[in-house]
Amino acid sequence: MNLTTVENIAKAYGELVLFQNISFGINKDQKIALIAKNGTGKTSILNILSKQDVPDTGQVNYRKSIRISYLEQEPDLNPQLTVEQTILASDNEVLKIISDYERALANSDDQDAYQQAFEAMERYNAWDFETQYKQILFKLRLENLDAKVGLLSGGQKKRLALANALINKPDLLILDEPTNHLDLEMIEWLENYFAKENMTLFMVTHDRYFLERVCNEILELDNGKLYAYKGNYSYYLEKKEARLEQESVEQHKSQRLYKKELDWMRKQPKARTTKSKSRIDDFHTIKEKTHQRRKEHEIQLEINMERMGSKILELHKVSKSYTEKPILDKFDYTFTKGERVGIIGKNGTGKSTFLNIITGTDTPDSGKIVVGDTIKFGYYTQTGITIKEGQKVIDVIREFGDHIPLKKGRQISAQQLLERFLFDRKKQYDFVEKLSGGERKRLYLCTVLIQNPNFLILDEPTNDLDIVTLNVLENFLLDFPGCLVVVSHDRYFMDKIVDHLFVFKGNTVIEDFPGNYSDYRTYENSKITEATQEKVDTSEPKPKNTWKDEDSKAKISYLEQKEYKKLEKEIQKLEHKKIELEQKFMDPSLGGEKIDVLSVELQKVTDAIDEKTERWFELSAMLE
C-alpha cells in the first residue's frame, strides 16, 4: 500500500541548488533511511515530507487521511509546560476525539452527536489514552510527569518528543537523527522497538548499527542523483562498492573507502548474542581481539605530533560531586602512551564532567591531577564553533595555523586538511554562517586537529556528521599516534576507534573494560546467561569434594562454595521475577498508580540482581 509519492521535487536557496528532479515512493511498513553528505538537503527533504516546507517545483502526494509524525533533530517544546502537559497539549487526534466526547456528554439532548462521539472513542480505543501515554513515557524513562520541560536535559527532551510522536500512532513516522542526545541503553531500546514494530519509517541517521538493524531500504542522494538500495546498511555498502567500480577512475579513493567499511561490517559480532562464555577467560580474548583490530589498520597519514614524555596524565584520588549527585570518588588512573579510551554510560553519570576535569576547565573537589610537561590537549566539546560574521571557512583554519607536520619532513596544509574533511576549494571560500549544522561540526573538528595536539579529547564528535565524514574522521583517528579519549553514543564509531572503555555506571562507579563496545555488550549479556545457566559437565566424573584439592583449598571455603551455588539459583529466580514484572507493563488496562507500584518493585528486583551477580562474579574469580 502506497502512503506517499514524491514526484520531481527540487529545492534551492538563491544560487545554492540542494537537489532537483528527486522522485521516490514510501509504502506501508517500509523502513527507509536517507543517506547524503551534510549540506545536500537531507533535512529539507524531511521538512517537505512532513509538510513543514514546500518544494520549489514538483509535488508530494499523500494517501487520504494519512497521519504523519515528525521527530525533529532539535524538538521545539514549550519550556513552561510539564511532561504530562506537553502530551496533552499536542496535536493528537485521540485528544480531539476525547474533547468531542466530553462536549457530547455536556449536551445530552443531541443523541446523534453523542452516538458519533461514543463510536469514535471505541474506534480509536480512546478510553485508555491516559494509560497508553503513561506506559510509553515509562518505557522512555520519563517517570516524573510533573517535571518542567525547561529543566529537562537534551536527551530527555528528545525522548519526550519521541513519546509524542509514538502516542500519535502515525501511518508514517519521519525521524531526523533520532539517536542524537540519547544514551546507549535508550538507543538500543529504540532500535529493538523499531525493528520489531510494524511501522513505516523515513529517517535520516548517521548511526550505522541503527541502519543495519532497523532499515530495509536505503536511499542515497549523491551528486544530485538518488539511488535506491533494497536492503540494510551492509547491502548498501556492497552495492555502493559495485556501483563505484563501474564509474570513473577518479572515484578510486571513495571506492576503497566503502570496501573497507564493508569489510569492517562483516567482521563485527552479531548484536546481543546469547551465547554463553566464561566471563573470566573472555577478558583475555577480548583484549587480544582489540589489539589485533588495531594492527590490521593500514596507516594513510603519518602525523608527526609533538613528542610525548614519559609522564602523560595522572589522576590521584580525584573526587567530584554536585548537590546530591556524586560523580567521582577517589578515582585513580595513569594514562600511558597511545591509549585509546572510550567513555560510555547513561546520561547524567558525569562523562562530560570527567573530560572537563582532566582538561582543567573544571576543578575536582579533592585529589590531584598531574599533566605531563609535553602534553598538548585538543578538546572537541559539544558547544561547537563560534561563528564570526563575514568569516570564510579557510580563514577559520588559518587562525590556528597553515600546516600540520607529517613524518619525514612532509606536511599537510590547511587547505589539504579541509579537503580531507570534504571541503573542496570552492567551499573553503564560503561564509561560515552559510554552512549546515553538520558542516560546522566538520569545520570545528578541523580547528581542533590543525593545532597538532598529542592528546585528543572528543565529546560526542559524531553528532550531526554524515557517514562519509565519519569514515574520514575514523581513518584520521586510526592514524593518530597520540592518546585519545572519546565520549560517544555512536557504537560503530567506538567499536572502530577505542581499545578499552571507562564504563560510567553512576554513583561514582567506573569500570575499566578491556575491549570495545560490542565486546562489552557481549560480555555483559554472557554474565547474566552464565549466572542463570546450569553447567553441564560432559567430562569424566570428578572425585567428591574437589573443593578440598590443593589448588582450590586456599581460594574458596566450603561456606563460600555453598553461597556460590545458592547465588546461581537466586539470580535465576530474580530473572524470572523481572520478566513477569516487565510483562505486566504490557497490560493496556494498567492505571497510573499501579504503574508506579510496579516501577518501584521492578527497580528493587533489578538492584538485587546486580548485587547478587556482582558477588557471584567475585566468587567465580576465586574458583578459577
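Thr82 counts as buried in this predicted model, because its relative accessibility is 10% (buried means under 20% relative accessible area, exposed over 50%, partly exposed in between, with a 1.4 Å probe and protein chains only). Thr82 is located in the loop between strand E5 (68-71) and helix H2 (83-88); helices (H or I, at least four residues) and strands (E, at least two) are DSSP runs, numbered from the N terminus. Neighbours within four places in sequence aside, Thr82 is in contact with Leu145, Asp146, Ala147, Lys148 and Val149, contact meaning heavy atoms within 4.5 Å.

Residues are numbered from 1 along each chain as its sequence is written. In this predicted model, local features need pLDDT of at least 70 and side-chain atom pairs count only at pLDDT 80 or more, whereas totals for chains, interfaces and linings use all residues; side-chain values use heavy atoms, with hydrogens and water left out.

The protein chain contains 21 helices and 20 strands. Of its 624 residues, 50% are buried. Among contacts in the chain with a separation of 6 or more, 71% involve residues 24 or more positions apart.

Strands E2, E1 and E4 form, in that order, an open sheet of 3 strands with antiparallel pairing; two strands pair if DSSP finds at least two bridges between them. Strand E1 (residues 2-13) runs antiparallel to E4 and is joined to it by 5 bridges, with Gln59 in E4 as the bridge partner of Glu7. Helix H1 (residues 42-49) packs on this sheet and touches E1, E2 and E4; the direction of H1 makes about 50 degrees with that of E2.

A further open sheet has 6 strands in the order E14-E17-E18-E12-E19-E20, and its pairing is mixed. Its edges are strand E14 (377-380) and strand E20 (509-513); each has a single partner strand, so one side of each is left without a neighbour in the sheet. Strand E17 (residues 455-459) pairs with strand E18 (residues 483-487) in the parallel sense over 5 bridges, and Asp459 stands opposite Val487 in E18. Helix H15 (residues 437-449) packs on the sheet, where it touches E14 and E17, and its direction makes about 170 degrees with that of E14.

The 14 residues of helix H9 (residues 233-246) should span 20 Å at 1.5 Å a residue, in agreement with the 20 Å between its end C-alpha atoms; the expected span is 1.5 Å times one less than the number of residues. Buried residues in H9 include Tyr233, Tyr236, Leu237 and Leu244, as well as Lys240, Glu241 and Arg243. At the start of H9, a side-chain oxygen of Asn232 comes to within 3.4 Å of the backbone nitrogen of Ser234. For helix H16 (residues 467-479), 13 residues at 1.5 Å a residue should span 18 Å, and the end C-alpha atoms are 19 Å apart, which agrees. In H16, 13 of the 13 residues are buried, so this helix is largely enclosed by the rest of the structure. The N-terminal end of H16 is capped by Asp466, a side-chain oxygen of which lies 3.1 Å from the backbone nitrogen of Val468.

The structure holds 25 aromatic pairs (rings of Phe, Tyr and Trp, the last by its six-membered ring, pair if their centres lie within 6.5 Å; planes under 30 degrees apart count as stacked, over 60 as edge-to-face and the rest as tilted). The pair of Phe194 and Phe210 is edge-to-face, because the ring centres are 6.3 Å apart and the planes stand at 85 degrees. Phe194 lies in helix H7 (residues 184-196) and Phe210 in helix H8 (residues 208-214), so the pair ties together parts 16 residues apart in sequence. Phe194 is buried at 0% relative accessibility, and Phe210 is buried with a relative accessible area of 0%. Phe513 and Tyr523 form a tilted pair, with 5.3 Å centre to centre and 50 degrees between the planes. Phe513 is buried, and so is Tyr523.

Definitions and conventions. Axes fitted to C-alpha atoms, helices over the stretch in contact; angles between N-to-C directions. Polar contact = N/O pair within 3.5 Å; in protein donor to acceptor, adjacent residues only side chain to side chain.
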